[in-house]
Amino acid sequence: MDAASTPPPVTIVEPKLRGPSGHYAEFVRAVAARGEGVLSEIRVVADPRARDFLGTLGGTVPVVAAPPAAGALAELVAIGASLRTGGRTLVLTANASHALAADWLSFAGADALSRLSLFVHWPLSKPSARLALLLGARTRRHALFLAPTRGVREMLVGAGCMRVAQVAYPATRTAGTPLRAPFRHILMAGAARINKGLDLVAELAERLAQEGRDMPLLVQVSPKHVDRHGSREDAVVSRLLAAGYRGLVADPKAPDRAEYAERFVGSLVLAPYERAKFADGVSGVVLDALLHGAPCVATAGTWAGDVVERFGAGVVIHERTAHELAAAIDAILARWDHFAARAAEASDALAAEHDPRLVARLLASGG
């Protein structure tokens, strides 16, 4: 984009964006905070329930609600409507079906598809996904695919996508966050799920209860997460609550942005994620934790483990067991000041690397 030209608007399509908390809303908020002079406006196609609060996400760039997404074809209709306006369009959590669907837009030639960006968070490794990408030939040729990690980028390039840009996931730290804070509690932030180690945390609570310990352990067990992820999570949440651990604080609600950021102050964050699921995807929780100066326990061979190991801002476990998790916690607590200092150093580095302005520029220029 020429420096003298008028900054373009961008339409972000994310039907799962429903409330002001969580990483969908935070993505929009982060880009709006750092998009001045790059984007003129952010229009968001979200769940109908999001309309009332979308305007509160604006920063240096205004955020407005576009017609909401509802119905099976809502995303395709929204993408088509946005491309017809001549502006930029971003599918926030894109998969192969979006690439194939964009090919169905009969009017969308090379110029229109070149204004479409698809943010792919995870490798699209299933045979059905690879087939959908193969069939979406025009989209593969002309659209811009955004990859937050090298693994996702390599997958997209290997699948024949012609325009792929690796860009750090946009994130910001809350102004005035106290770094190097004294230890306050152990934290499992975000959705409590088995593939994120909920079963290990339940067993950890049982171990701590048996040992008579009482370190505060805060776990978010929102009912919507149980409903969304099924009875397996429900059973493990029940096990956690039945552990009898006196330090357990089981929070049944998702916090707002301010409370979410505040929870990281003085926290030791648990991220014993499954290696197969989280090897090549960014962990928003670990990124937020380090941005706010919180040391972490993460699994070796995951993006989260790599970034924790890179900065020495916590301990990486190689075996996903409650025993290893407990040992990692004790190792961090024994040298808390050291690990808190390393997390503070990580915060400064990651704030620059994950500057949302990088994504804003890609969206404005089309790559």
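This is a predicted model: local features need pLDDT of at least 70, side-chain atom pairs count only at pLDDT 80 or more; totals for chains, interfaces and linings use all residues.
Local features need pLDDT of at least 70, side-chain atom pairs count only at pLDDT 80 or more, and totals for chains, interfaces and linings use all residues. Residues are numbered from 1 along each chain as its sequence is written, and side-chain values use heavy atoms, with hydrogens and water left out.

**Overall architecture**

- The secondary structure of the protein comes to 18 helices and 13 strands; helices (H or I, at least four residues) and strands (E, at least two) are DSSP runs, numbered from the N terminus.
- The radius of gyration of the protein is 21 Å, in agreement with the value near 21 Å for a compact globule of 367 residues. This radius is taken over C-alpha atoms, and the globule rule is 2.2 Å times the number of residues to the power 0.38.
- The C-alpha trace spans about 65 × 40 × 40 Å along its principal axes.
- Of the 367 residues, 55% count as buried, where buried means under 20% relative accessible area, exposed over 50%, and partly exposed in between (1.4 Å probe, protein chains only).
- The protein exposes about 15200 Å², of which carbon and sulfur atoms supply 53%; accessible areas come from the Shrake-Rupley method with a 1.4 Å probe, and for residues only the protein chains shown count as cover.
- Among contacts (heavy atoms within 4.5 Å) between residues at least 6 apart in sequence, 74% join residues at least 24 apart.

**Helix H14 and its partner H17**

- The axes of H14 (residues 284–291) and H17 (residues 336–353) come within 7 Å and cross at roughly 110 degrees. Axes are lines fitted to C-alpha atoms, for helices over the stretch in contact, and angles run from 0 to 180 degrees between N-to-C directions.
- The two helices H14 and H17 are therefore roughly perpendicular to each other, given that angles under 35 degrees count as roughly parallel, over 145 as roughly antiparallel, 65 to 115 as roughly perpendicular and the rest as oblique.
- H14 contributes Leu287, Leu290 and Leu291 to this contact, while H17 contributes Ala343, Ala346, Ser347, Leu350 and Ala351.

**Valine 286 and alanine 271**

- Valine 286 lies in H14 and is buried, with a relative accessible area of 0%.
- Leaving aside neighbours within four places in sequence, valine 286 is in contact with Ala271, Cys296, Trp303, Ala304, Val307 and Val308.
- Alanine 271, in strand E11 (residues 267–271), is likewise buried, with a relative accessible area of 0%.
- Not counting residues up to four places away in sequence, alanine 271 touches Val286, Val297, Ala298 and Thr299.

**Helix H18**

- Arg357, Val359, Ala360, Leu362, Leu363 and Ala364 are buried in helix H18 (residues 357–365).
- The cover over the buried residues of H18 includes helix H1 (23–34) and the strands E1 (9–13), E4 (88–91), E5 (116–119), E6 (144–147) and E7 (164–166).
- Just after H18, glycine 366 takes a positive phi of about 75 degrees.

**Other residues**

- Most residues other than glycine have a negative phi. Arginine 180, although not a glycine, has a positive phi of about 55 degrees; arginine 180 sits in the loop between E7 and strand E8 (185–188).
- Glutamate 262, in helix H12 (residues 257–263), is partly exposed, with a relative accessible area of 40%.
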